[in-house]
Amino acid sequence: GIWPDCSRAISPTPFELGPLLYLILAPAVAVSADPVHVRVYFVALTVLALVVLHQVLRRHVSASAAAVALFALAASEFLFEASTQLWHSSLLALPVALLWDALDRQVQNPTTRRAVIAAALAGVAVQLHTTAVAYSVVTLVALVWTRRGWRDLAAAAAAYVLVLTPFWVSLAQSLDHGALQHATGSAHGWAPAPIADVLAFLFENLHPIWGDDLGPALVWPLLGLLAWGLVVAWRSRLGRLLLLNVAVGLIIEALLLGNQRAHRYLHANLWAAFVLVGLGAHAAIERLAALSTRSRTVVPWVLGLLGLAVSAEALVSDVPHADANGWPNAIEKRAVAEVVAREFPMPEGAMAARIHGTYFGETMGMSVWHALYAAVDPPVPTDDLHVLVMPSDLSLAPFGTGVGKRFLIQGFGRTITVQAFRPALHDLRIEGPAKGALAERWRRPRQAEARRH
């Protein structure tokens, strides 16, 4: 019942996305604020997105080709990361899938209603992450392409602007707090990523990670199907929009990956890429059918057995990245939040400056869950103590003197230590060339470091 005063920033600017993402999360948090339970909500929305994409694919390709595309998407590193991290970009799955459904219907049979629905969905998506700007561009092109008159465009534009109301409110608040003045120089050290780096990162997120051997071995056949899909896509109206999405997405990813390497930026076009895999698979299956009529019977069985084998191997092997991501990660987060909230109470605003280490960085957003575990926002501590969260598999140590009891949490294959410490340095400031060099190192890690991450 409280309208959020602030929301996620559009990195690296001081402007904000708006509170729509919190409104979408509200039903899950109303049931339970436990991060493990909220993650179930994320996964459920992602499953619904796959159902919608299946409907889109089935209007253009065979059941076998649609199954290939959706299995590749479900088993990909991209979707694993997106559905297991509590990050606002992970909410994009369903709006993007619904948008492609609306755009597909619009380009096949244009109506004012479909144009309005597509524009509204594009407006929702762009408030969930900056990458969704790609979908606003694709939607605009699709609506101009299929317009029956300027009335359709006017209605769609009105829907887009209206759905953006939470963003407009947030923008007014940001401007009132001097965001425009702070915007100058906020992108210091930010340069576009080389296209080779973008393509390499796309490759990393496309490849299957289910199982130990079979899944990853399928990456080259999938890339072949993607290439085939890129070739045949021009034949259909939907395919041309998919090609546009891939191109626009590459530009946006180059800009954002120059800021920080993160899988969430690939929401700009990976959904389209996997639909293109489906188009490529359909073309390949049709080519086989032209060579042998028996292939129409054999291919579904072969694909089904292959999918079963990959899934079986995934079930009996270790969960991919279990020590760093996934459900075990969420359980560790919850345990850390409970210890910090109970033993080191402080308001959320103080946490950004006083709590350090695993699960309290930008990508985890643990301060939100810490605040939920604390019944009342406590006062700012009067001492100068800080807190460090130290997992045993990382070389973290307090830069100062440890104070008080060490709290141990048994994680998955590691022990996590939480301890207060008195820092050896106070009011540290970095000026001159070193400041820019430090920002550049944080924004664009070296290749080896990025792969380990």
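Student: Which exposed residues does the face of H8 turned away from its buried side carry?

Tutor: Good place to start, and keep in mind that this is a predicted model. That face carries Trp 150, Arg 151 and Leu 162. Helix H8 itself covers residues 150-163, and from first C-alpha to last it reaches 20 Å, close to the 20 Å expected at 1.5 Å a residue.

Student: And which residues of H8 are buried?

Tutor: First, the general idea. An α-helix has 3.6 residues a turn, so residues three or four places apart point the same way. In H8 the buried residues are Asp 152, Leu 153, Ala 156 and Ala 159. They lie on the same side of H8 because they cover an arc of only 125° around the axis.

Student: What do the buried residues of H8 pack against?

Tutor: Two helices: H6 (112-126) and H7 (133-146).

Student: Let's zoom out. How many residues has the largest nonpolar core?

Tutor: Again the idea comes first: in soluble globular proteins, nonpolar side chains tend to be buried together. Here the largest nonpolar core has 87 residues, and Leu 73, Trp 100, Leu 103, Leu 242 and Trp 271 are those with the most contacts inside it. Helix H15 (residues 270-291) gives this core its largest share, 13 residues. A separate second core has 16 residues, among them Met 346 and Ile 409.

Student: Which residues is Leu 242 in contact with, leaving aside its neighbours within four places in sequence?

Tutor: Leu 242 touches Trp 100, Ala 272, Val 275, Leu 276 and Leu 279. For the whole chain, buried residues make up 48% of the 453 residues.

Terms used. Residues are numbered from 1 along each chain as its sequence is written. This is a predicted model: local features need pLDDT of at least 70, side-chain atom pairs count only at pLDDT 80 or more; totals for chains, interfaces and linings use all residues. Side-chain values use heavy atoms; hydrogens and water are left out. Buried means under 20% relative accessible area, exposed over 50%, partly exposed in between (1.4 Å probe, protein chains only). A nonpolar core is a set of buried Ala, Val, Leu, Ile, Met, Phe, Trp, Tyr and Cys residues joined through side-chain atoms within 4.5 Å. Helices (H or I, at least four residues) and strands (E, at least two) are DSSP runs, numbered from the N terminus. Contact means heavy atoms within 4.5 Å. The expected span of a helix is 1.5 Å times one less than its number of residues. The arc is that of the directions from the helix axis to the C-beta atoms.
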